[in-house]
Amino acid sequence: MEVDISGDKVLSGVRVLEVAAWTFVPSAGAVLAEWGAEVIKVEPRTGGDPQRGLVTMGIVDAGTRAVNYMIEIPNRGKKSIGVDLGTPGGQEVIRRLAATCDVFLTSYLPSRRKKLGIDVDDIRAANPDIVYVRGSGHGPKGPDADTPGYDGVSYWARGGIATVLTEDAEDLVRSRPAFGDLLGGMTIAGGIAAALYRKATTGRGSIVDVSLLGLAAWNLSPDVAVSQLHGGSSIPKFGHADAPNPLVGTYRTSDGRCVQLMMLQLDKFYPEAMRAIGLPELIDDPRFADPASRFANRGELISLMDEAFARHTLAEWRTRLADLSGAWGVVQTPGELCRDPAVTANGYIAHTTTMSGAPFSLPCNPVQFDEQSVVAPGAPEHGQHTEEVLMEAGLDWDTIVNYKESGAIL
């Protein structure tokens, strides 16, 4: 079942003021909007969110539909207002809006927040109980609290993600666009939900902090924990040919595709898996007849499994493995993911349109309530809702015109 994002959702009635750019923190706002919150995105009066310029710079390919997907992904379902925070009038507008909101969400560095009058004390002077949320590269404390951070630096590189994913390859694995940002946005959204619960039950507003560096440490919890046992290294490494468990690995088919097996309980699934793979004779083979021998001779077993998988196409393996009770899956492309029957059935990727009417598909956040999937409207144009939002906040037209004429708002 698909529902309108503005319907009866878990965060209906919650108002969020977002002063943030790029993807990390704004993607949290997009999640909150999909959960039903009204999210007001504050963009610079001139130019807007700098991510809007990635198309004209040639970094983002908008395609024939002219879709700036790097604006759509973290900003769907929001309202946009254009404000010059460097002017007294712009700062007044933010304070007046903050007084009407439940959450203030920002990605700005501490020095810039102070300069623009949007730090914790500034916003809480207008709304003492507001939930104040900061997304950063390296956390609110320490020597790098005021140092710029992006997911490619703070999460992927400094956070150790690139190292553990590259393993022994000569070239580092390159980060995918906004890889850590989108994980971080979900994390921020969860923190905000918890803070809103606290506010609802105690009346107290929290200061919520999430950093890309902290997120990386959390993602690498097993590696970080075991590194303390091995003199600074991470989890012991095994290649495909000597994997401790032959039923946990990737096997290549005759048509060059890959099947991922993930049966952690080797002894439990071994007989069934050997029958499905077409190697029933190996069940009672003395080389693999018990756990100890299977481990000792795992290289031979993996080699035999490689040969078996290489005899059939992926389509044939889908049929052969269909009834296997252990976990397995096909290594898919992003395009195949869009057509995955489980993705389609659950509405994980929504078919929507931009504000200009261009159709495109966009993944929703993975959290669903009451089995309802969401189709979010497109991201707003720069400053699209400036007058509407300010009038809803109680500003009269003459005041809005004065702010416009002074250059405080778009």
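The model is predicted, so local features are given at pLDDT of at least 70 and side-chain atom pairs at pLDDT 80 or more, while totals for chains, interfaces and linings use all residues. Residues are numbered from 1 along each chain as its sequence is written, and side-chain values use heavy atoms, with hydrogens and water left out.

The chain is divided into domain 1 (15-222 + 347-406) and domain 2 (240-333); these bounds come from an automatic or database domain assignment. Between the C-alpha centres of domain 1 and domain 2 there are 44 Å.

Consider strand 2, residues 15-19. Helices (H or I, at least four residues) and strands (E, at least two) are DSSP runs, numbered from the N terminus.

Which strands pair with strand 2? Two strands pair if DSSP finds at least two bridges between them. Strand 3 (residues 38-44) pairs with strand 2 in the parallel sense over 4 bridges, and Glu38 in strand 3 is the bridge partner of Arg15. Strand 5 (residues 103-106) also pairs with strand 2 in the parallel sense, over 4 bridges; here Thr106 stands opposite Val19.

Now to the aromatic rings. Rings of Phe, Tyr and Trp (its six-membered ring) pair if their centres lie within 6.5 Å; planes under 30 degrees apart count as stacked, over 60 as edge-to-face and the rest as tilted. By this rule there are 6 aromatic pairs. The pair of Trp156 and Phe179 is edge-to-face because the ring centres are 5.7 Å apart and the planes stand at 80°. This pair links distant parts of the chain, 23 residues apart: Trp156 is in helix 6 (residues 151-157) and Phe179 in helix 8 (residues 179-202). Trp156 is buried, at 7% relative accessible area, whereas Phe179 is partly exposed, at 36%.

Elsewhere, ring pairs join Tyr251, Phe309 and Trp317 into a cluster. The charged end of Arg320 sits over the ring of Trp317, 5.7 Å from its centre; this requires NZ of Lys or CZ of Arg within 6 Å of the ring centre and within 35 degrees of the ring normal. Likewise, the charged end of Arg112 sits over the ring of Tyr108, 4.1 Å from its centre.

How values were computed. Buried means under 20% relative accessible area, exposed over 50%, partly exposed in between (1.4 Å probe, protein chains only).
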